[in-house]
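The sequence and the structure come first.

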Amino acid sequence: MTTNPNRCWGTPFTDAEIESARAAGQLLTMELELSRICNLRCIYCYAGSGEKLANEISFEEITDALDQGKALGVRKVIVLGGGEPMAYPRIMDVLRAIHARGLEMELFTNGILLTREIVQEFLTLGVHPVIKCNSLKPEVQDHLAGKKGAFAAIRTGFDLLREAGYPTRDLSLGAQTIICEQNYDELPEMWRWLRSREIIPYFECITDQGRAKDQINLAVSPEKLQSLFSELSRLDAEEFGIHWEPKPPVAAFTCRRHLFSCTITAVGNVIPCPGVDISAGNIREKALKDILAGSEVFQNLRNIRETIKGECRDCSLSRECYGCRGMAYNATGDYLAADPLCWRNAANEEQP
């Protein structure tokens, strides 16, 4: 397998489609939170999820947001949940609503609440699931999930997806993995394990927000990230024929979401992404189109090639990468600053 030079690696869209959407102020994807309720207490959770918030958006407001997104060009909806999406009481109605609008969908879930009946409907609705997989060691997975028995429960959901036929010719299966000190040494073997089963690995850096702020022992240095990404790139090239340039924040992917996406939170706020949680407005108060058009933050990020600062601006990869805006924002307070976790950042190279 080799990459398609006309397609943005990590997205289903071509460079031309992305540029057209950016220039027109349209969207290609929408990330959707449903509720902060969650059946785990992951120690790194960006949202600090657990309990339902008092003012979460209704199902009707969610479907209205889908209609507004589609009118703006959305072709794919990423259901993040905010907490665990399968714990949302009307999750299947949400997935059916996305399907009814002819939109592709990706669902991030820990898999614990999956059943055979649900997984079979996933196949009918065209759901692309991404399941939590932070370790192949039960004690590590349980520790990171903040709940004893999480490993076994997650594996049960994973097995249900596999037994149903995921991944199929048309529907992918992914595994979301956070990179931390606790699982660092096993990540190359995990990568090989997932690739050999045709499961897409989403190995990503942790942003310093939510519960992760209180877990400083999770952090991996830029030097170790460089070593890991380089090893994963080598492994992909030599064993799977997949070629990519090592760079954060997600191994084998290029994040370009700020050129064509937005996130709607569980309370209706419109933010650039979960990492850059600066509200540009609320869908209860203003139309999504007007929120995006009138937001300085969104305009700065849509024009990131001109607005980005520091080492990221002059990097040799600046035409295809802008680092992690969430990491920059949470570490420095400036979403346009250089990515502090990137090993290409001179500030990191100068460290002893």
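## The largest cavity

The largest cavity has a volume of about 100 Å³. The model it was found in is a predicted one. Strand S4 (127-132), helix H6 (150-163) and helix H7 (187-195) are the elements that each give two or more residues to the lining of this cavity. The biggest share comes from H6, with 4 residues.

In total, 13 residues line the largest cavity, and those nearest its centre are Lys132, Cys133, Ile154, Arg155 and Phe158. Sorted by class, the lining has 9 nonpolar, 2 polar and 2 charged residues.

Searching the whole structure gives 2 cavities of 30 Å³ or more.

## Helix H2

Helix H2 covers residues 59-71, which makes 13 residues. At 1.5 Å a residue the helix should span 18 Å, and its end C-alpha atoms lie 19 Å apart, so the two values agree.

Which residues of H2 are buried? They are Phe59, Ile62, Thr63, Ala65, Leu66, Gln68 and Gly69. Among the elements that cover them are strands S1 (29-35), S2 (76-82) and S7 (263-264), together with helices H3 (91-100) and H9 (288-293). Just after H2, Gly73 has a positive phi of about 105 degrees.

## Salt bridges

The whole structure contains 24 salt bridges. One of them pairs Glu33 with Arg36, with the closest N and O atoms 3.3 Å apart; both Glu33 and Arg36 are buried. Another joins Lys76 and Glu106, where the closest N and O atoms are 3.7 Å apart. This pair links distant parts of the chain, since Lys76 is in strand S2 and Glu106 is in strand S3 (residues 104-109), 30 residues apart. Lys76 and Glu106 are also both buried.

Asp334 and Lys309 form a further salt bridge, at 2.8 Å from N to O. Asp334 sits in the loop between helix H13 (325-332) and helix H14 (346-349), and Lys309 in the loop between helix H11 (304-307) and helix H12 (310-314), so the bridge ties together parts that are 25 residues apart in sequence. Asp334 counts as partly exposed because its relative accessibility is 22%. Lys309, with a relative accessible area of 40%, is partly exposed too. Elsewhere, salt bridges with shared partners connect Glu60, Arg90, Asp93, Arg96 and Glu121 in one network.

Technical notes:
Residues are numbered from 1 along each chain as its sequence is written. This is a predicted model: local features need pLDDT of at least 70, side-chain atom pairs count only at pLDDT 80 or more; totals for chains, interfaces and linings use all residues. Side-chain values use heavy atoms; hydrogens and water are left out. On a 1 Å grid over the protein atoms alone, a cavity is a set of points where a 1.4 Å probe fits but cannot get out, and a pocket is an open set with protein on both sides within 12 Å along at least five of seven lines; lining residues have an atom within 4 Å of a point. Grid points are joined across faces, edges and corners, and a volume is the space filled by probe spheres set on the points. Ala, Val, Leu, Ile, Met, Phe, Trp, Tyr, Cys and Pro count as nonpolar, Asp, Glu, Lys and Arg as charged, and the others, Gly among them, as polar. The expected span of a helix is 1.5 Å times one less than its number of residues. Buried means under 20% relative accessible area, exposed over 50%, partly exposed in between (1.4 Å probe, protein chains only). Contact means heavy atoms within 4.5 Å. A salt bridge is a side-chain nitrogen of Lys or Arg within 4 Å of a carboxyl oxygen of Asp or Glu.
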